[in-house]
Amino acid sequence: MAALTSITPNPASSSSVYSNFRTSPLTLSSQIIADCSCLLSVRSGLASRQRLASRNRRCLIIRSAATKPAKSPAEEDWKVKRELLLEKRVRSVDAKEAFRLQKENNFVILDVRPEAEFKEAHPAGAVNIQIYRLIKEWTAWDIARRAAFAFFGIFSGTEENPEFMQSVESNFGKDAKIIVACTTGGTMKPSQNLPEGQQSRSLIAAYLLVLNGYKNVFHLEGGLYTWFKEGLPSESEE
């Protein structure tokens with residue numbers, strides 16, 4: 001399995017890359033290119049000599065032969081997901097209606113946020129199955145993804161939880177009444193700025209549920225943000 005295979009300075013330069021790092025501004029660029037290898041380059045230029053910048057450019061290139069895994073159902077285009085959610089008549093409900101359904105109709109709130117967020121606060125009686133988790137593996141692809149997250153200053157990058165549906169099926173039968181919830185909720189409703197609505201973790205989870213035969217799936221419009229704002233019953237595990 002390929003990992004980070006080479007770190008090479010630009011042959012155009014004969015001086016030390018590192019000494020130049022200490023004396024000139026840095027520009028960092030990150031790109032996942034067509035063959036799914038990861039290219040990270042650090043270029044430095046001499047601001048006072050713009051004409052000589054192209055000749056004096058120092059370049060550090062890190063290459064990885066990481067290959068992206070095949071697309072999963074969760075990575076399907078939002079338009080396709082939305083069409084199925086509408087076809088299966090997945091209803092969006094606000095926080096107060098979700099609470100009423102939970103209290104009077106035996107609906108269960110499925111909180112798909114990361115475990116740490118769930119422990120901080122969640123609706124009373126909710127069940128947590130995270131749809132995304134912290135990146136765990138160290139394959140070439142995972143290393144490339146970590147590098148891409150780090151470029152944007154994110155050192156706790158996430159990935160799709162491959163055990164999500166397995167966990168759902170071990171907790172709920174196909175006829176279970178489920179309200180899927182995340183932080184913001186997203187929406188299937190079209191608007192002028194969002195003609196196809198807005199995708200969210202809870203809507204992705206709802207898509208996976210109906211795709212796998214679940215029949216009574218609702219979605220929390222406005223997300224758990226509105227649940228907490230309304231002062232509805234919540235609890236924590238800390």
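User: Is F99 buried, exposed or partly exposed?
Analyst: This is a predicted model, in which local features need pLDDT of at least 70, side-chain atom pairs count only at pLDDT 80 or more, and totals for chains, interfaces and linings use all residues. Residues are numbered from 1 along each chain as its sequence is written, and side-chain values use heavy atoms, with hydrogens and water left out. Buried means under 20% relative accessible area, exposed over 50%, and partly exposed in between (1.4 Å probe, protein chains only). The relative accessibility of F99 is 24%, so the residue counts as partly exposed.

User: How are the rings of F99 and W227 arranged as a pair?
Analyst: Rings of Phe, Tyr and Trp (its six-membered ring) pair if their centres lie within 6.5 Å, and planes under 30 degrees apart count as stacked, over 60 as edge-to-face and the rest as tilted. The centres of F99 and W227 lie 6.0 Å apart with their planes at 85 degrees, so the pair is edge-to-face.

User: Which helices does this pair of F99 and W227 link?
Analyst: Helices (H or I, at least four residues) and strands (E, at least two) are DSSP runs, numbered from the N terminus. The two residues are 128 residues apart and belong to distant parts of the chain, with F99 in helix α4 and W227 in helix α9.

User: Which residues of helix α4 are exposed on the face turned away from its buried side?
Analyst: In α4, which spans residues 95–104, the buried residues are A95, A98, L101 and Q102. The face turned away from that buried side carries the exposed residues K96, K103 and E104.
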